[in-house]
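Subject: Structure handover

Hello,

Here is the structure for you to look through. Please open it first, then read my notes alongside.

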Amino acid sequence: MAAASQITNMEVDRTGEDHLKVRKMKKKIMRKQVRAQHTLMRHEGIECVSHATQSLVIANAGLGNGMSRQQLLKTVEEYGLVEALLMPPNKPYSFVKYGSTKEAKKAFDALNGKELMLGDSDQNVVLYCNFVEKVFWKNAVPTNLPPGLTVIEKVVSPEEERRMLESIDWIGDEDAQNAQKTLKHRKVKHFGYEFRYDNNNVDKDKPLPGGLPEICSLFLEKCLKQGYIKHKPDQLTVNQYEPGQGIPPHIDTHSAFEDEIISLSLGAEIVMDFKHPDGHTVAVLLPRCSLLVMSGESRYLWTHGITPRKYDIIQASELGQKVGTITADVGDLTLNQRKTRTSFTFRKVRRSPCNCIYPSVCDSQKGQQRQVQPSFPHNEMEASELEQEYVHKVYEEIATHFSSTRHSPWPQIVEFLRSLPEGSVVADVGCGNGKYLGINKDLYMIGCDRSKNLVDICGEKNFQAFVGDALSVPMRSGSCDACISIAVIHHFSTAERRLAALRELARLLRPGGTALIYVWAMEQEYKNQKSKYLKEKHSNKDKEEEISSGMAQRLPGDQMPESSSQDSACTDQLLDNSKDKGCGAKPVADCRLPVHTNRTSFHSQDLLVPWHLKGGTKKRGESGETVLFPAGSKESQGPSPVFHRYYHVFCEGELEAACRSLDGVRVQKSYYDQGNWCVVLEKL
């Protein structure tokens, strides 16, 4: 009996200990739940609720702490139909929505305090859940590749990949011939010329013996033949990265290498991070056996690097195999485990100083001029000053010439105006010389423009127009049935001012009213077709004179003025504001912008476009009126003025994304028209 009593007491003690452990565990789970609630509220403004809902937030189950989409989805699907699984990038929590509250409650009870092993690692995590109401997570707008950057898939076959990897011997001691080194973040080997990390340059007078491996030379010949590259490189750096290794953000030294830099990714895919000086970042997926080509702005101005980590965040639907930027689509992100990757980076050694249009990051041009940001004004005041000097003043100077040659209206703009109901009130915001004001006599059209001289020309044509700013049009809200803005918004120098101009158009519209917007496109070659702007580079002399004597920046991209010998002398350099005589402009604080070469592809989104007046010069007569002297006349002898105009050329999707960010409007139509991006938006 005593023994039986003792056993009973031991069982009671054990049961009591178990109950105590359970209570402690429940308290711990509650503490973790409360902490997760506070974190979510503090960082995302999302409030957890005490009653059961269809949606859960699961702490410790995010991309930020190593949980892949595949693993989490498999776990949560055990408890019911999953309608949505949102995994924000770099966050330690995820959101799951079930088909019913009952299923969500079942998951809540089962997953709270559940321990999971993360993927292939030996790390365990404990999950903690809370109920939430509807989760509104604004996805990032899809980003474009940096200007001048391309990624070409499958440039080598599996057999070529194997042979190239086998051509690099990593075994043995440090190799003096090929300057093999083991760096902190990777192994590296040089061919042709050694890149010295102590001074970030090459010794151009000491080539390495042996040159490039034969198989690499064959690969470069193939790239030249396919048109992937323009010049054959003479320097090769081979880097081998193990999972968790990377390379710090950097710009390849300007004075060391020419414009084109290419990098072949072998063995595994990787995500490379690019960053503009203004802070804008783009993550680019480089698939296995793909070739990265950097030229222009992406080579000279953007930093590139690989963040040291063992997993990359990629689009789940791509599974690491599709070229493109990584966007924060929380419904389609997962982790991709890194593997050993070898990169073959080819460059051509530069033999003369670099004279690129990005002096703020160019070592060849240091000390020659003040170091400033090359593209963007720093604040609203500088933006206004920049537009005043390089947009508004230019128009006042060229207004007469701008309107001196008649030009055919653009067919799709004409079609839009003729499709409007009879009696519609239409505002042409940025009407210029009034080219579109008389298209449809059945409409009540009124124009406004920042240039008084252009508005006066509209008056001479008996059109209704007034002087006004596109950021603050002096018209009543909701007073227009339609608006057009043709080649205007690309003259605003910050994203905020461009968005404000779009918002002003929407304000003018009545509900149901529509606006047609045209901006110049970064992509002057689209779907394998060159725009007329590029095609007309070799147009005949008469055409050149017609364009250059009468056109200006306000017309669509393919009607831009033609380049001349004097234009060319001013291009591919930086415009020094203090020396610009074209429009008598005063210096703008800290503003140097790349100057575009007319009739060529763009290499920067923010730039100055030169317009050389070849058709004649103008002087002020004694009466104050503008007097036009024909080209070749005695009065016109001497250098013709060169005007420089500010532009922000739009990348594909940029204008549409800006329109979609506005409240109370929807994008009816978005299209590309001869070197311009175009949107028709409707006010709701």
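Below is what turned up, from the whole chain down to single residues.

This is a predicted model, so keep the confidence values in mind. The chain's mean pLDDT is 78. Of its residues, 74% reach 70 or more. Residues 319-323 have pLDDT below 50. That stretch still has 17 contacts in the model beyond near neighbours in sequence. Residues 369-375 are also below 50. There the model shows 32 contacts beyond near neighbours in sequence.

Now the overall picture. The chain has 684 residues, and 51% of them are buried. It holds 14 helices and 36 strands. Its accessible surface is about 32,400 Å². Carbon and sulfur atoms account for 50% of that surface. How far apart in sequence are the residues that touch? Take the contacts between residues at least 6 apart: 72% of these join residues at least 24 apart.

Strand β1 pairs with β7 (residues 128-132) over two bridges, in the antiparallel sense. Across that pair, V49 stands opposite F131 in β7.

Last, the cysteines. How many disulfides does a search of the whole structure find? The count is zero. Take C431 as a case. Its closest cysteine sulfur is in C458, 4.0 Å away. A disulfide needs the two sulfur atoms within 2.5 Å, so this pair is too far apart for a bond. C431 counts as buried, because its relative accessibility is 7% and the cut-off is under 20%. C659 is buried too, with a relative accessible area of 1%.

Start with the sheet, then go to the cysteines.

Best wishes

Notes:
Residues numbered from 1 in each chain as written. Predicted model: local features only at pLDDT ≥ 70, side-chain atom pairs only at ≥ 80, totals over all residues. Heavy atoms only, no water. Pairing = 2+ DSSP bridges. Helix = DSSP H or I, 4+ residues; strand = E, 2+ residues; numbered from the N terminus. Buried < 20%, exposed > 50% of the residue type's maximum accessible area, 1.4 Å probe, protein only. Contact = heavy atoms within 4.5 Å. Areas by Shrake-Rupley, 256 points an atom, 1.4 Å probe, with all protein chains shown as cover. pLDDT = per-residue confidence, 0-100.
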